[in-house]
Amino acid sequence: MLMSAHAKFVGRQPGGKRAVLKFMHLSGLNLSRRDLSGVDLSASVLEGCEMAGVKLTGANLFGCDLRRADLRGANLVDADMRGVCLRGATLAQVDMTRADLRAGIVDAPTGGAAGPGKNVHSDLRAAELDEADLHGATLTDAQFDDMSAMAADFSDCALSGATMQGANLRGANFTGAILQGANLTNANIEKANFEGAVLMRINLTGAKSKGARMGGVVLDPTEAALERAETVHAALIQHDLWCRTDGAEGAPAVVDGEDLRPIIHLLTNLKLTALSARRACLVGLRMAGAQLQGARLDGADLRGSDLSGADLRGVRMMGANLTKTILRKAMLGPLQVGSRHVTADLKSVRGRYLDIQSADLTGASFEEADLRGANFTGAEMKSVNMAQVDLAPVIGLSS
């Protein structure tokens, strides 16, 4: 009855009522794939619950005990998670965008010395995620100040804009994570692994970093890249003119190996058909609907980029890094060049947690690609080459 009323509440139907389950002992329940958006579970015990794919958008989980809970693929966008305990929980591919995991105070009802109807104030520490598995999670703009996440797995996570001031991240795994604009002031990152992570505009003031591994990290653009920005931009302007005049004016650009981040905000309205940007750095690119037909992006770094709805017919992306890239509704079918049809080549891409939902992939090749956690839901898969790709962790496809 309660869940039925809450379902109506979520659907804004008559008779709907928000479910309030404060201070409840709910350990071991199976809540997988339920829509519990906006539910109030504050200070409840949900230890070991099955919650894979559960929708908890805007939910109140203040002070909850979620130890060893299975929250794989859950939606916790805008959830109040202050003081929550997630020790040993499975949070792979969870979306905790803007979630609040700071410290707080909970008022617990008591019938003891405080007297009936009275509350006892209990100070809660910030969220505890020690040894939690968050690989591939989206934690953009989440608030983790003062939390403890020792030995937690943040590999390939999107942590852009996240605040982790004073957090205990000793021994945590941030391999391949995107920490652009993250604040780790006074955090303990001793013995943490950041190999291959994106650390652009990161604040590490006062952080304890003894033994932290930083091999292969992507830092802010170098002085040389900044000095070349104007020249590279001018070449791309000429390429745009070449495209728009069918080759009558301008000239095709070759920006192989260039760092395009200093001008990334200037690329939005450019037509870049047949652009050569092999091994280029395009981390964090925002070009929804971009025209990149027949572009050569072999080995390019496009981590965390948004190319939703982009025209990528006939593109070459062999060996490109597409971790956490958004290609939703993109066109990656064949491109007609004269009498030929050129198919998209994404062989050997690193496409972990790639969002390619509802994209047209007709004839595309993903041979030997790393697609762990990628989401192909609703994609057009006619004649797609998936040779030597492990489909077990891929979403939206049958093996």
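Does Arg82 count as buried, partly exposed or exposed, and at what relative accessibility? The model here is a predicted one. In it, Arg82 has a relative accessibility of 27%, which lies between the limits of 20% and 50%, so Arg82 counts as partly exposed. Its partner is Asp80: the two side chains meet in a salt bridge, with 2.7 Å from N to O. Asp80 has a relative accessibility of 18%, and because this is under 20%, Asp80 counts as buried.

Side chains of opposite charge can pair when their charged atoms come close. The count for this structure comes to 25 salt bridges. Another of them joins the side chains of Asp256 and Arg278, at 2.9 Å from N to O. Both Asp256 and Arg278 lie in the loop between α2 and β3, and they are 22 residues apart in sequence, so the pair ties together separate parts of that loop. Arg278 has a relative accessible area of 29% and is therefore partly exposed.

A further salt bridge is formed by Arg316 and Asp298, whose closest N and O atoms are 3.3 Å apart. This pair also links distant parts of the chain, with Arg316 and Asp298 both in the loop between α2 and β3 and 18 residues apart. Arg316 is partly exposed at 34% relative accessibility, whereas Asp298 is buried, with a relative accessible area of 13%. Salt bridges can also share partners: Asp156, Arg350, Arg352, Asp370 and Arg372 are joined in this way into one network.

Asp301 is found in the loop between α2 (223–244) and β3 (335–337). Its relative accessible area is 13%, so Asp301 is buried. Leaving aside residues up to four places away in sequence, Asp301 touches Val218, Ala280, Cys281, Leu282, Val283 and Asn321.

Next come the aromatic rings. A pair of aromatic rings is described by the distance of the centres and the angle of the planes. The whole structure holds three aromatic pairs. In one of them, Phe154 and Phe174 are stacked, with 4.8 Å from centre to centre and 0° between the planes. Phe154 and Phe174 both lie in the loop between β2 (118–124) and α2, 20 residues apart, and the pair links distant parts of the chain. Both of these residues are buried. Phe174 also pairs with Phe194: the ring centres are 4.8 Å apart and the planes are at 0°, so this pair is stacked. Phe194 and Phe174 lie in the loop between β2 and α2, 20 residues apart in sequence, so the pair ties these parts together. Phe194 is buried, as is Phe174. Phe154, Phe174 and Phe194 form one aromatic cluster.

What remains is the empty space. Rolling a probe the size of a water molecule over the atoms shows where empty space is left. The largest pocket holds about 930 Å³ of space. Its lining consists of 37 residues, and Asp95, Thr138, Lys324, Tyr353 and Asp355 lie nearest its centre. By class, this lining has 11 nonpolar, 17 polar and nine charged residues.

Which classes of residue line the largest cavity? A search of the whole structure finds one cavity of 30 Å³ or more, and the largest cavity holds about 70 Å³ of space. Its lining has 10 nonpolar, no polar and no charged residues. Among them are Leu260, Leu267, Met287 and Leu282. Leu282 is also one of the residues that Asp301 touches.

Technical notes: Residues are numbered from 1 along each chain as its sequence is written. This is a predicted model: local features need pLDDT of at least 70, side-chain atom pairs count only at pLDDT 80 or more; totals for chains, interfaces and linings use all residues. Side-chain values use heavy atoms; hydrogens and water are left out. On a 1 Å grid over the protein atoms alone, a cavity is a set of points where a 1.4 Å probe fits but cannot get out, and a pocket is an open set with protein on both sides within 12 Å along at least five of seven lines; lining residues have an atom within 4 Å of a point. Grid points are joined across faces, edges and corners, and a volume is the space filled by probe spheres set on the points. Ala, Val, Leu, Ile, Met, Phe, Trp, Tyr, Cys and Pro count as nonpolar, Asp, Glu, Lys and Arg as charged, and the others, Gly among them, as polar. Helices (H or I, at least four residues) and strands (E, at least two) are DSSP runs, numbered from the N terminus. Buried means under 20% relative accessible area, exposed over 50%, partly exposed in between (1.4 Å probe, protein chains only). Contact means heavy atoms within 4.5 Å. A salt bridge is a side-chain nitrogen of Lys or Arg within 4 Å of a carboxyl oxygen of Asp or Glu. Rings of Phe, Tyr and Trp (its six-membered ring) pair if their centres lie within 6.5 Å; planes under 30 degrees apart count as stacked, over 60 as edge-to-face and the rest as tilted.
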